[in-house]
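Hi,

Here is the structure I promised to pass on. Have a look at it first, and then read on for what turned up.

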Amino acid sequence: MSAGSGSSRRRMLIAWAFLLPNFIGFAIFTAGPVLFSLWMAFTDWSLTKHNELTNRSPSFIGFENFRRILWGDESHFFWTAFYNTAYLLIGIPIGIAGSLLVALMLNRPIGPQRVAAKWKGVAIALVVGMLAAGSTYLVMHPGPAPTREAFESSAAQIQGEQAAQVTHQQVLERHQLDVRSAKAAAMLLLTLGVITAIGLGGGVVVFRTIFYLPSLLAGIALFLLWKSLYKPTGGAINELLRPVCDWLQDAATGTPAGLWYGVGVTIWIVGALGCGWLVWLSVRKRLDADFGSLSLVGSALAIAAIAATGFGIGYALCQMPTRSLFATGYATFSTEEASSIRADLLAGETGLSAAEIDLIFDTLGESIEPRLLSESLASSISDESKAQLAIGRVMARATPVHDGFTSGDGLQPPRWLVDERWAKPALILMGVWTAVGGANMLLFLAGLSNVPPELLEAAEIDGAGTWRRFWNVTWPQLAPTTFFIVIMSTIGGLQGGFDQARAMTQGKYGTEVLTYYIYNLAFTDEFQLGLASAVAWAMFAIIFAMTVLNYGLGNRALND
Amino acid sequence: MKVLFIALVAIWSALTLVGVVWVLPERDADRGMIAAFWEMSDLPAVVEMERAYGAWHAQKYGLQPLRFTDLSGKAADDAARLEQESRFRSWYNNSHDKPLSSVVRLVWATDDNPARRQQIQLFRRWYLQNYGEPIDVVTDPASRDTREGAQVTKPVIQSIGGAGADLLETYGPKQLEAMVRSGIALDVTDEAKQHGFEYQRCFDAGWSSFVYNGRQYGFPANVGYTVLFYNKAMFEAAGIDAPTGGWTIDEMRDVARRLTVDSPDIPGGRRWGIFGMHPWPMALSNGGKFFTDDGTRCIYNSPQTVAAFQAYLDLMYVDHVMPSPADTASMAAAGGFTGGGSGGLYFAARLCAMTIGGRWEYATYAQTNSQRVIEPALRRAATDAGDATRATINRIVAALNRDILTPLSDADLALINNSLTADDRARLLRIGVAHVPTVDGRIKYTDVGARVAMVNRKSKHRQEALRFLEFLASKEYNDRINGAFDSICGVIEYCTDASGISGPPQPLPGLEDFDSPVFVQAMDGAESQQLSPFIGPERLGFLAGRVMDQLMNGRIGAAEAARLIEDQVNNQIQANVNRDPELKAQWDELTAGAKR
């Protein structure tokens, strides 16, 4: 007995010896600060007011900080930050769905399996890649750099101030930029060819690795990369979108407005019906205690994502024929403004008679869109120079608008990180790109490997098609994995967003999430440590409540 | 298992040993102090030191060492100099009670740049001359936090935690207030009077950056406002006269229109007429006040503010002569430019014809001219030159590459000028300086006006740190500031001489107008920033900044922006007053007084 007891004590001591360093570290660096912050949340501690140098101590103020953030003078900022955080959560179901899709694609062999066919595929991919890269480089290359003599010769042909404004140095820099663009395009195509070749040779493991690469990149590097991609002019994304916008602009102005309204409203209706169906499905599954992997929060987020996307697309389509698509993007004149301009035209030297001007205004009515007015002027006045003069005078009085997509120059790609409407979607898009091939994909791959093949075989024998097999066998089997991913992603989503906002927008344009708000309060805005701690604990309460809700409902359904 | 354990311990020990032997001693740390001895070889104490060192050297090595004056003229990596440094260090540490490694080393939370390194070396010499003993200063850029000009996060947290630098740096009244209210800034009023660095010696416009409630909390390392730089070549090519005196936004807009050029040959497609106008100073310079005189209420929503905001919007969205924030975000990596938003860099890359910037931008412009024009011209000249001239050219190029602010001799400058062809001169970035235009054309400056050094109350070297402030008031330092284009010096009496701003007689070619009277006139016409005791500067910046972002992006109009800022700031003032009994009492007293 004593020997056994000694041995047990010895084992216990050894166990403690191993555990203690971690336990001490946890107590000092995690548990201690957490409890300390709880105390801080009930004080008015502001570091600039209460510190050793000012010789003042913080006071206990009870729940005052919580009152301030929940319904007091700070509530507006708190709830705005909460809204921003919740908005960014829309990306979670999209990312999860993307991860599942990628996992399904990468869960089976890719490319030819026979060795000879593999090599053939590799060779073809390499050759195609090299040919595409070479031809692109040749097409895009601007040729030799212009010499000073050639530059001066061409500059001499341009008259006026413009000729002297562009220097040879700038022409050379532009040339270098074009050469770099040609090289970059060629390298991109070559890289795609090489990746395809490696993928065909190495199989699915190569593609899994490639999809996982974004997760290995350091956050800040990723953010800077995307910041560059999001540049309003010259950024890769907008350069791709620009022709699409031009096409849309032409299409919108060349088709009846009712068509766009109709399509937009239809999308709203379809989106609403889709969301309703999902709600009904979720409720029915809940009632049947057959919730599957659709946890409550996951369902809600998926519905929110679909609703937001549908609403956004519908809204955009309805906006197409309206003022946001005007070629000039100018606001409507008020009646007073129109009268003033009319008087201005009458008083000026446009050469138009009063009757002509009155006719134009009578035709257009009292509230006039500048673009329509200018078009009317152009069509009503036979003398082109007079018409141009009148248009110039009118447009000089017009106010440019920056509503929806426009920047005053017709339909433009979004201004992403410097626009309140687009900054959050930009962060969501980047987050989805990162998340699709990340840890979630690996978890789904692991989950898919655990789906018993005999179940799939049985379903196939029973005549189930691909979709049926997925929906009735694979998807339910993935329930524990999906549940875990939803829980962890929701927690991560509520806690996250700080790094992106800090690096890409400095918390501007509606990207100040809860964590950023905490940072601002604690470290920039008078160092309000007490208030910041209260926000942190409120955030903890929200996360905890959502997790408990999710876990309680989802887990019960899973266990059932 | 045992083998693994022993191997791990062995590796850990070896790494520790490497660290202790090679990393920790910081062998180069005292080189600046040794150089100061050599550079001050005329001082009687140093003359005596050189004699003693010479005797020791002769005895130990059997020959006399090189003269201190000769050593100070050698390059830092010269083998003979390095050898003498090592021997001198050995002699000094053995013959003095306090070795060089234990000399007081002040930590200055400032940026590390060539100008700063020159100033530090100057301080070592000045200290030796005035206090007869060596001292060292090191910069600590990581402890400096000037993001958006309103936050001093790192200095506050580090200083309260006892890990702050000895000498802290702030910009403007907002940061001063944060440092004073935190109790970090040392009140130096009495010492300033005693040692002659009192604030009255400085430009009035800079006082609000280091004087708080009548007490002095530091001394300006430099002062100065952002003025308007213009590209002389572009003005001449367009046949536009150089702006003189005060001018209106409308006048500037006409000029900017003529200088805005769209061309596929320009990286980004457009060269902008003007860059860097900001609605905040535009409104204040137009007479828009932020607070009432007692600070109890925000009165920003005024016709003056709205007019200035509208003028700002028009520049971007009506006249298209100034880039919007979206355009600026797009310009960040346009060809020929890789910076992140500095007007000086855009200007140097000729992506704008005019920009708002400080005198310190001359370092950037000098660098641009040196790299693009002067160095290639010198290298071209070197190919046809004799050995002696080639060596001189190589020395000049090396000096410019090492430190663009290195003062060059008249002979070196003549050599540079002779190397430049007419074509080279046409490619030089030639700088003109003018006043920042205002809505009504009056000369008026309102933005931050001083970079201030202050002493950390928790500094262990308070006495030496105070002497550093004394050094900032010295003629040597102030001349150096002007000479290195580090804005302009804060002490009025040293700022100008008969030829204009004191400094080097000739800078590198292209840097014209470096001593323009505009820089000093800006100080004369400047007003301090307004603050209110009822709202913290950070919260103020946060509230106003959000609205300003919307305004600058054209999301809201001028009138709405002014109204929103005023409403939000007044709401915050009310919330602060209602929450804090002390503030409420103060507010009640002031508002009651106003009512009476």
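Before the strands come up, one convention: two strands count as paired if DSSP finds at least two bridges between them. One more thing to keep in mind is that this is a predicted model.

With that convention, strand 6 (residues 219-223) and strand 12 (residues 450-455) of chain B are a pair, since four bridges join them. The two run antiparallel, and Val223(B) sits across from Ala450(B) of strand 12. Strand 6 of chain B is also mostly covered, with five of its five residues buried.

Chain B has other pairings to look at. Strand 1 (residues 105-108) and strand 2 (residues 136-139) of chain B are parallel, with four bridges between them. Leu106(B) has Val137(B) in strand 2 as its bridge partner. Between these strands the chain passes through helix 6 (residues 114-131) of chain B, and the β-α-β crossover is right-handed.

Then there is an open sheet of five strands in chain B, in the order 8-9-10-7-11, with mixed pairing. Which strands stand at its edges? They are strand 8 (261-262) and strand 11 (431-434) of chain B; each has a single partner strand, so one side of each has no neighbour in the sheet. The partner of strand 11 is strand 7 (residues 227-231) of chain B, joined to it antiparallel by four bridges. In that pair, Asn231(B) stands opposite Ile431(B).

Chain A is another story: its secondary structure comes to 25 helices and zero strands. Of its 560 residues, 33% are buried. If you take the contacts in chain A between residues at least 6 apart in sequence, 74% of them join residues at least 24 apart.

In soluble globular proteins, nonpolar side chains tend to be buried together. The largest nonpolar core here has 237 residues, and the members that touch the most others are Val535(A), Leu167(B), Ile274(B), Phe309(B), Met454(B) and Leu472(B). Helix 14 (residues 303-318) of chain B gives the most to this core, nine residues. Apart from it there is another core of nine residues, including Ala338(A), Leu345(A), Ile381(A) and Val394(A).

Setting aside neighbours within four places in sequence, Met454(B) is in contact with Leu168(B), Thr170(B), Met179(B), Ala185(B), Leu186(B), Phe210(B), Tyr217(B) and Gly218(B).

On to where the chains meet: 41 residues of chain A are in contact with 43 residues of chain B. On the chain A side, the elements that give two or more residues are helix 7 (161-165), helix 8 (168-202) and helix 24 (514-523). Helix 8 of chain A has the largest share, with seven residues. By type, the residues on this side of chain A split into 13 nonpolar, 16 polar and twelve charged.

You will find Trp416(A) in the loop between helix 17 (384-397) and helix 18 (423-436) of chain A. Is Trp416(A) buried or exposed? Trp416(A) has 27 other C-beta atoms within 10 Å, so this residue counts as buried.

One of the residues touching Trp416(A) is Tyr230(A), which also touches Gly235(A), Ile237(A), Leu417(A) and Ala426(A), leaving out residues up to four places away in sequence. Tyr230(A) is in the loop between helix 10 (219-229) and helix 11 (236-254) of chain A, and is buried, with 25 other C-beta atoms within 10 Å.

In chain B, Ser487(B) also has a positive phi without being a glycine, near 60°. Ser487(B) belongs to the loop between helix 22 (475-483) and helix 23 (492-495) of chain B. Ser487(B) is buried, with 25 other C-beta atoms within 10 Å.

Finally, Arg297(B) lies in the loop between helix 13 (279-285) and helix 14 of chain B. Arg297(B) counts as partly exposed, because 19 C-beta neighbours lie inside 10 Å and buried takes 20 or more. Not counting residues up to four places away in sequence, Arg297(B) touches Phe291(B), Thr292(B) and Asn570(B). Arg297(B) and Met49(B) are 64 Å apart, C-alpha to C-alpha, and 248 residues apart in sequence.

Cheers

Technical notes. Residues are numbered from 1 along each chain as its sequence is written. Chains are lettered from A and ligands numbered from 1 in the order in which they are written. This is a predicted model: local features need pLDDT of at least 70, side-chain atom pairs count only at pLDDT 80 or more; totals for chains, interfaces and linings use all residues. A residue is buried if 20 or more other C-beta atoms lie within 10 Å of its own, exposed if 12 or fewer, and partly exposed in between; C-beta atoms are placed from the backbone. Two residues are in contact if their C-beta atoms, placed from the backbone, lie within 7 Å. A nonpolar core is a set of buried Ala, Val, Leu, Ile, Met, Phe, Trp, Tyr and Cys residues joined through C-beta atoms within 7 Å. Ala, Val, Leu, Ile, Met, Phe, Trp, Tyr, Cys and Pro count as nonpolar, Asp, Glu, Lys and Arg as charged, and the others, Gly among them, as polar. A crossover is right-handed if, with the strands pointing away from the viewer, the path from the first strand over the helix to the second runs clockwise.
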